[in-house]
Amino acid sequence: MTTIYPPVEHVLPQAGRMVLLTAITSHTDRRTTCVVEIVPTSTFAEPDGGVPSWVALEYMAQCIAAHGGLRARAAGDPVTPGFLLGSRSITLHTARFHAGQRLEVEAAHVWGEHDFFSFACAVRDATTGTTLVEGTLAVARAAGADAVAAPTVRLTGQGRADAG
């Protein structure tokens with residue numbers, strides 16, 4: 001039996017041209033796999049239609065976000081934004097992706113249970129299975145994103161003088 005997943009736009013906080021994934025192809029509690037079709041009109045495409053391989057960091061981050069969005073939907077919770085905190089040992093085995101290339105992006109949960117998580121990620125050529133980019137990303141869920149962006153409490157000694 002084939003599972004049909006919702007459109008990626010329904011499980012990501014991104015919208016419009018910043019939705020870089022094409023589709024979700026598999027999902028479990030610990031792992032999600034998505035597809036990216038490289039076309040001449042892809043966001044970040046260069047004049048020849050290719051895309052620099054460093055964009056894979058965003059492909060991997062969006063695959064992690066799709067994982068979280070699918071889990072949130074299954075629990076009846078809203079899709080919340082998150083933040084990429086950093087990465088470990090990112091390896092680019094190619095300089096770029098080519099127009100017409102189909103990429104498979106995989107994110108596997110390594111650790112974290114509440115607001116901070118680590119995922120082992122890989123981007124492969126979907127036809128050959130060759131690993132093109134791999135690494136580990138650390139992310140944080142931003143359930144109170146507005147509060148994070150505009151803090152209401154100022155630490156003593158930070159900014160203007162404290163009214164006393």
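These legends describe close-up views of a predicted model.

**View 1. The sheet holds 6 strands.**
The strands form an open sheet in the order β1-β2-β6-β7-β8-β4. Their pairing is antiparallel. β1, residues 23-27, is an edge strand, and so is β4, residues 82-92. Each of these edge strands pairs on one side only. From one strand to the next, the twist averages 25°. In general, the strands of a sheet pair through backbone hydrogen bonds, either parallel or antiparallel.

**View 2. Strand β2 is joined to strand β6.**
β2 covers residues 31-37, and β6 covers residues 102-111. The two run antiparallel, with 7 bridges between them. One point to look for is V36, which stands opposite L103 in β6.

**View 3. Helix α1 lies across strands of the sheet.**
The helix spans residues 56-75. It lies across β1, β2, β4, β6, β7 and β8. Here β7 is residues 116-125 and β8 is residues 131-141. Relative to β2, helix α1 runs at about 130°.

**View 4. C34, C63 and C121 form no disulfide here.**
A disulfide is a covalent bond between the sulfur atoms of two cysteines. The count for this model comes to 0 disulfides. Are C34 and C121 buried or exposed? C34 is buried, with a relative accessible area of 0%. C121 also counts as buried, at 4% relative accessibility.

**View 5. A120 sits in strand β7.**
A120 counts as partly exposed, at 33% relative accessibility. Its C-alpha atom is separated from that of A108 by 5.2 Å. Along the chain, A120 and A108 are 12 residues apart. Which residues does A120 contact, leaving aside its neighbours within four places in sequence? They are E106, A107, A108, V110, G135 and T136.

**View 6. S42 lies in the loop between β2 and β3.**
In this loop view, β3 is residues 51-52. S42 is buried, with a relative accessible area of 14%. Leaving aside neighbours within four places in sequence, S42 is in contact with R17, E37 and V51.

Note on methods. Residues numbered from 1 in each chain as written. Predicted model: local features only at pLDDT ≥ 70, side-chain atom pairs only at ≥ 80, totals over all residues. Heavy atoms only, no water. Disulfide = S-S within 2.5 Å. Buried < 20%, exposed > 50% of the residue type's maximum accessible area, 1.4 Å probe, protein only. Pairing = 2+ DSSP bridges. Helix = DSSP H or I, 4+ residues; strand = E, 2+ residues; numbered from the N terminus. Axes fitted to C-alpha atoms, helices over the stretch in contact; angles between N-to-C directions. Contact = heavy atoms within 4.5 Å.
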